[in-house]
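Here is a short briefing for a reader new to this structure. Look over the sequence and the model, then read the points below by topic.

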Amino acid sequence: MEKLIKDLTIKWNGNFYQIKNLEIDNTIGDLKDKLYHLTNVLQDRQKLLGLKTKSGEPISDLTIINDLDLKLNTKIIMMGSSEEQISYINKKPENSIEVLNDLHKDFPSY
């Protein structure tokens, strides 16, 4: 019996990633670790779409690859943001204007 999965392709952010050296006894967590090294998206931020088990059980990071219902040339979509994307979004813009708060506590209410 063959121990390696072939032709596992992940699509993320408009790019395709070939997953190499993934064994049938690896877990989804192992797959996410390989994806982290390719995309810099932390495992906890990864959402893999298009995966289902042969038995219909929910997928978790402990799910064994051999338990997945994978077809030849399966393409899986990954959702998640890389650390660079999150850092860029959280960065305070340069030359941002200060907003003056003119609503004071003692402002009369009507």
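The count of aromatic pairs comes to 1. Trp-12 and Tyr-17 form that pair, and its geometry is tilted. The model is predicted.

**The aromatic pair**
- A pair of aromatic rings is described by the distance of the centres and the angle of the planes.
- For Trp-12 and Tyr-17, the distance is 6.4 Å centre to centre.
- The angle between the two planes is 40 degrees.
- Are Trp-12 and Tyr-17 buried or exposed? Both residues are buried.

**Strands E1 and E2**
- Strand E1 covers residues 8–12, and strand E2 covers 15–19.
- E1 and E2 pair in the antiparallel sense, over 5 bridges.
- Tyr-17 in E2 is the bridge partner of Ile-10.
- The hairpin of E1 and E2 has 2 residues between the strands.
- Asn-13, in this hairpin, takes a positive phi near 55 degrees.
- E1 is largely enclosed by the rest of the structure, because 4 of its 5 residues are buried.

**Strand E4 and its partners**
- E4 spans residues 75–79.
- E4 runs parallel to E1, and 3 bridges join the two strands.
- Lys-11 stands opposite Ile-77 of E4.
- E4 also pairs with strand E3, residues 47–49. That pairing is antiparallel and has 3 bridges.
- Which residue of E4 is the bridge partner of Leu-49? The partner is Ile-77.

**A nonpolar surface patch**
- Leu-49, Ile-77 and Met-79 make a nonpolar surface patch of about 250 Å².
- Met-79 belongs to strand E4.
- Why does Met-79 count as partly exposed? Its relative accessibility is 46%, and partly exposed means a value between the 20% limit for buried and the 50% limit for exposed.

**Thr-27 and its contacts**
- Thr-27 sits in the loop between strand E2 and helix H1 (28–39).
- Thr-27 has a relative accessible area of 16%, so it is buried.
- The side chain of Thr-27 reaches the backbone nitrogen of Gly-29 at 3.3 Å.
- A polar atom of the Thr-27 side chain also lies 3.4 Å from the backbone oxygen of Asp-61.

**Leu-62 in the loop between E3 and E4**
- Leu-62 is found in the loop between E3 and E4.
- With a relative accessible area of 70%, Leu-62 is exposed.
- How many residues apart in sequence are Leu-62 and Asp-30? They are 32 residues apart.
- In space, Leu-62 and Asp-30 are 8.8 Å apart, C-alpha to C-alpha.

Notes: Residues are numbered from 1 along each chain as its sequence is written. This is a predicted model: local features need pLDDT of at least 70, side-chain atom pairs count only at pLDDT 80 or more; totals for chains, interfaces and linings use all residues. Side-chain values use heavy atoms; hydrogens and water are left out. Buried means under 20% relative accessible area, exposed over 50%, partly exposed in between (1.4 Å probe, protein chains only). Two strands pair if DSSP finds at least two bridges between them. Patches are made of residues with over 30% relative accessible area and no salt bridge: like charges are joined within 9 Å, nonpolar side chains (Val, Leu, Ile, Met, Phe, Trp, Tyr) within 5 Å. Accessible areas come from the Shrake-Rupley method with a 1.4 Å probe; for residues, only the protein chains shown count as cover. A salt bridge is a side-chain nitrogen of Lys or Arg within 4 Å of a carboxyl oxygen of Asp or Glu. Rings of Phe, Tyr and Trp (its six-membered ring) pair if their centres lie within 6.5 Å; planes under 30 degrees apart count as stacked, over 60 as edge-to-face and the rest as tilted. A polar contact is a pair of N or O atoms within 3.5 Å; within protein, one must be able to donate a hydrogen and the other to accept it, and residues adjacent in sequence count only if both atoms are side-chain atoms.
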